[in-house]
Amino acid sequence: QGTAEEVRVMIANCDLALLRGDTNRALKMLIRVPPDSPHYARAKMALAKIHLEKRNDKAAYVKCYEDLAAQMGDAKSHVALGEAYMAIGEPDLAVKAYERATEQSPGDVGLTSKIGRALIITHDF
């Protein structure tokens, strides 16, 4: 118990539950992954995907990525948050998330491109 393999098995069980149409069971399993687990990010992203694709709950979808960015605090998690905002049509919020990622990784030109794309959508360039 508490091993990386246990989390992998749990995520596989979530996939199986989803295939069977048991969204609630999958959600309950994913919610149990603690923030200190090396699989926390993967679990949060899987949780977010369920909220968006199975439940059409955009607020819960974004909340997963907000929690992830708050917990991890790195550029990668802020980029994921920005992409989540873009997926639900919130480019203004995406720009802010991408800017936070840029603070963490100032030399990343890919982030500049993401910011530019979001600004074009908002017509704020």
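**Charges.** I began with the charged side chains: the protein has 17 positive and 17 negative ones, and the centres of the two sets lie 7 Å apart. Lys and Arg count as positive and Asp and Glu as negative, with His and the chain ends not counted. I took the place of a charge as NZ of Lys, CZ of Arg, CG of Asp or CD of Glu.

**Source of the values.** This is a predicted model, in which local features need pLDDT of at least 70 and side-chain atom pairs count only at pLDDT 80 or more, while totals for chains, interfaces and linings use all residues. Residues are numbered from 1 along each chain as its sequence is written, and side-chain values use heavy atoms, with hydrogens and water left out.

**Overall layout.** I looked up the secondary structure next and noted 7 helices and 0 strands. The order from the N terminus is α-α-α-α-α-α-α. Helices (H or I, at least four residues) and strands (E, at least two) are DSSP runs, numbered from the N terminus. The C-alpha trace spans about 50 × 30 × 20 Å along its principal axes.

**Surface and contacts.** The protein exposes about 7500 Å², of which carbon and sulfur atoms supply 52%. Accessible areas come from the Shrake-Rupley method with a 1.4 Å probe, and for residues only the protein chains shown count as cover. Of the 125 residues, 38% are buried. Buried means under 20% relative accessible area, exposed over 50%, and partly exposed in between (1.4 Å probe, protein chains only). I also noted that, among contacts between residues at least 6 apart in sequence, 34% join residues at least 24 apart. A contact means heavy atoms within 4.5 Å.

**Aromatic rings.** I searched for aromatic pairs and the structure holds 1. Its members are Tyr-61 and Tyr-65, whose ring centres are 5.4 Å apart and whose planes stand at 70°, so the pair is edge-to-face. Rings of Phe, Tyr and Trp (its six-membered ring) pair if their centres lie within 6.5 Å; planes under 30 degrees apart count as stacked, over 60 as edge-to-face and the rest as tilted. Tyr-61 and Tyr-65 are 4 residues apart in helix α4 (residues 58–72), so about one helical turn separates them. I checked their burial as well: Tyr-61 is buried at 8% relative accessible area, and Tyr-65 is buried at 11%.

**Cysteines.** I found 0 disulfides, a disulfide being a pair of cysteine sulfur atoms within 2.5 Å. The sulfur of Cys-14 has its closest cysteine sulfur in Cys-64, 12 Å away, which is too far for a bond. Cys-64 is accordingly in no disulfide, with the sulfur of Cys-14 as its nearest cysteine sulfur. Cys-14 counts as buried at 2% relative accessibility, and Cys-64 is buried at 5%.

**Lys-44.** I placed Lys-44 in helix α3 (residues 40–53). Lys-44 counts as buried, with 14% relative accessibility. Leaving out residues up to four places away in sequence, I listed Cys-64, Asp-67 and Leu-68 as the residues that Lys-44 touches.

**Val-7.** I placed Val-7 in helix α1 (residues 4–19) and read its relative accessibility as 11%, so Val-7 counts as buried. Val-7 touches Ser-37 and His-39, again not counting residues up to four places away in sequence. I also checked Val-7 against Leu-81: the two are 74 residues apart in sequence and 23 Å apart in space, C-alpha to C-alpha.
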